[in-house]
Amino acid sequence: MTVTDNESQGIIHVPTLIIALKNGLLVVVIFSLLALILQGILKPLVASLQVVETVTTTLSLILILVLPYIAYIMSGSAVRELVKTSIPQALLTAVIATIVLFSIISVGHYLLNLGIFAPTSSIQMTVVDTDEGVLVESVVEGGAADIAEVKVGDVITAIRRDPVDRATLMARVAQSEVDSPLRLRMIRDGEEIQVTVRTVLATSSDASALFPGLIMALGVTLITIIWPGQFTPYVILLAILSPLFLGYLWLIIATFSTRTQGIIPLDGEGNIGGFTLSNWDFLFGKDIVGLNVSIWQVTLNSLIIAVSMMLIVLVVSSMAAYALSRMHFPGRKAFLSFTLVLHGFPAVTLLIPIFFVLANLGRTPVIGEIVGFNKPIGIALVMVAFQLPLGVWLMKGFFDGIPWDIERSAMIDGASRWRVYWEILLPQIRPGLLALGIFAFLGGWNAFLIPQTYSTGAGMVNLPVFLNQLISETAPVNWNQIAAVGLFQLVPVFILFIFAQEYLLNIYAGGTKGFS
Amino acid sequence: MQVTIENLTKKFGDVIGAENLSLDIKDGEFVAFLGPSGCGKTTTLLMLAGIYKPTSGTIRFGDTVVNRLSPRERNIGMVFQSYALYPHMTVYKNIGYPLKLKNMQKKEIDERVNAVANTMGIGDLLDRRPGQLSGGQQQRVALGRALVKEPDILLFDEPLSNLDARLRLTMRGEIKHLQHDLGITSIYVTHDQIEAMTMADRIAVMSGGHLQAFDTPEALYDRPKTLFVAGFVGNPPMNFINVEVSASNGHFVATNGNMSLDLSKERGEKPATAGNSVVMGIRPEDIQIAPDGTVPAEVFVVEPLGRENLVDVRIDGESILLLADTKADHKRGDSVKLKFNMNKAQFFDSKTGKSLLWA
Ligand SMILES: Nc1ncnc2c1ncn2[C@@H]1O[C@H](COP(=O)(O)OP(=O)(O)O)[C@@H](O)[C@H]1O
Ligand SMILES: [Mg+2]
């Protein structure tokens, strides 16, 4: 690229600077207006309704806090293009834009008593950390500390009896309500004395507090300039998903520790640590308090339910869907819409009628042994019925996607309808079968309501029901052990996903494409 | 294998797919079904294949009525427009599939698949999947699969319409050649008349589910029996002019306004009896721009086709297409004189659309 216009020759690229400033200011104006609307119009309005609410206040606070950084990001992104031509020029332009914006915003904050200029609880002095304690550096004349006769050179060691450093001192001050007394323990001239300071609401006029803000602003701008754009979606995703990740992290940590605070494992004395494997004892036949059933029996029940559900759903859905997709018979349309209605039908409403069906089935000789009340396959069958509508529709969609000509071609090649279905069509909808299979398996594996309703006795429960029983026991609940059982239940799910992902990709590479 | 179709009809509810078709296809013949889109070509072909059950009428292969036979009992091979290859199978398995269904020995399947693949020039693609092949290669695989079981009848449903123009030309020749060598009775559906004209021994022209004509390409071109066939066959299409044909002491003339054209006895005798409701048809190549022409006209559009120019001229505002030498360099607005080769002129009854020359 050859840049020839005069403006771009200098150390600052003026057009870019103008755009950067314009973008930044636009954000400032829009956000200020928003904050104004929230704070000035909505809030009185809501207040007049005599409803206590903090949402508008919180929102306007967020706007005030976040606003500057959005502005820096906006102005920084205006400079991104320039980086390709000249890096020093880009940096300089960005720095100047940021400083100008920062100044404007700071002046705004100062005038409106916002941001760091917002009035906070203060005792109006500055301090630094030293080895002996917190050293008073300066006190504002006539300020709270001055009135309490705190002198420069005093070393604060504690508030009441709690030892402090600079950070905790500042935090205590900031958190205390206006005019509340703070009893400071300090050393003056080698003597220990106590001084009571009353906090006041004061606006910081300490301009040096602006520096960290400016550094942050420059940092944000710089990151914006060099930020690899393709990461943006991931960062947003990660931010949104982080609660989920933290949840799983807790689950894993909890299973290997005696107790946890947040996601930090603690031992008996409350120190970090307390690693233990005892939560996993249940795997080795050791009874969990009050429940006299082996985890492996429970797992087997879960597995029988999940696998039989998967198989039956796959077979029935794919065959029904084939008929619905490829054959014309009276009542086809009605059947399809009926299936859709069934899909929306809540299972709970049918619990009692189904109970009677299962109970009666259970009394039938032979069949009752397999599919009756309190039998894994019987329970699976109930859930199959609830999954079929979805399965049939899903599979029908897949069959509909296969061109008729392929089927005709196979029939002309000499295949029977059955072979066409088995050898030509099913392989082409493998991704669909796999998806539905996983869906059904997980449905069965994680099922709670139906197994809970239709199984009694410790020997018949599946994992989710078992988990629930652990919680409802009268003995004290060991949450870390429950976490371990929960994680144990998750293991096949993880394995399935890892395996299935690879498989899905494989199929995709084989492709059903290639038809023009 | 000889194929006989009698009064074949297929209805989809109220929609007519094909109606009252009757044709005789000789053993080893190459027949094209030609017609505009939606005229029932595919429907007819699928009835022959056994995919659609006819609503009425009979289909005979040789002497056997096959109406009730399933597709696999008919021993046919079919090539689809979409190729309809099995995407999850390799080329080898695609071609071998019909043989596998016949429970043939692995060794024999192997021999036959390789032989066919080599004939089709796809011997080195056997391990690929259809998705990894170009359109032309997929077409060859589809053809190979249709041929491998040595069918009695080959059916083609617009097999070349998804290929680019150049490849279409090559494949056209190859299919024609292959069919000739193998001598398999073939039915070839197309909406492209050049394909039909160049490949087929006989062409069945269809329209609106009905058979319009069934004849050799030359006969359809030189002696069209209906107005539809005359207009449909040939590109650029035949010109039609309303005329009055009259006879006076052994001289025949066709007149329209102040245009008057002399006719020979062979051409003029029959139309003269029909009076004034006659449509004259004349092909673009049978009209010349010549200084000694008799009909004045004005050049309206000149479209260069490369070898010659397609010229749209107007006679009293009526559009006439003709082919002219590129050297002549006609321009829009030029006044020209036209000369008609009246020995090639066709005459139709304007009411019935039937030819007045060829019964
Ligand atoms: N399966 C079908 N159901 C209903 N109508 C059909 C079906 N197949 C074809 N038709 C109708 O029959 C007519 C002929 O179709 P088709 O044989 O596919 O035409 P072509 O192959 O000549 O383009 C069309 O009007 C089409 O809409
Ligand atoms: Mg068609």
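A quick word on the ground rules. The model is predicted, so local features need pLDDT of at least 70, side-chain atom pairs count only at pLDDT 80 or more, and totals for chains, interfaces and linings use all residues. Residues are numbered from 1 along each chain as its sequence is written, chains are lettered from A in the order in which they are written, and side-chain values use heavy atoms, with hydrogens and water left out.

**Where the chains meet**

Let's start with the interface: 27 residues of chain B are in contact with 23 residues of chain A (contact means heavy atoms within 4.5 Å). Together the two chains bury about 2,300 Å², with 58% of that on carbon and sulfur atoms. Buried area here is the accessible area (1.4 Å probe) lost when two parts are put together, summed over both. P87(B), H88(B) and L101(B) supply 23% of the area that chain B buries against chain A, more than any other three residues.

There are also 2 salt bridges between chain B and chain A; the term means a side-chain nitrogen of Lys or Arg within 4 Å of a carboxyl oxygen of Asp or Glu. K100(B) pairs this way with E423(A), and R419(A) joins these two in a network of salt bridges.

**Salt bridges**

Over all chains the count is 24 salt bridges. Here are some of them:

| Pair | Closest N to O |
|---|---|
| K100(B) and E423(A) | 3.7 Å |
| E158(B) and K41(B) | 3.9 Å |

R198(A) sits in strand β7 and D179(A) in the loop between α5 and β6 of chain A, so their bridge ties together parts that are 19 residues apart in sequence. Helices (H or I, at least four residues) and strands (E, at least two) are DSSP runs, numbered from the N terminus.

E158(B) and K41(B) are 117 residues apart, and both are buried. Buried means under 20% relative accessible area, exposed over 50%, and partly exposed in between (1.4 Å probe, protein chains only). By contrast, K265(B) is partly exposed at 48%, as is E269(B) at 41%. These two residues share helix α9 of chain B, 4 residues apart, about one turn of the helix.

**A buried threonine**

T43(B) lies in helix α1 of chain B. With a relative accessible area of 11%, T43(B) is buried. Beyond its neighbours within four places in sequence, T43(B) touches K10(B), F12(B), G17(B), A18(B) and Y52(B).
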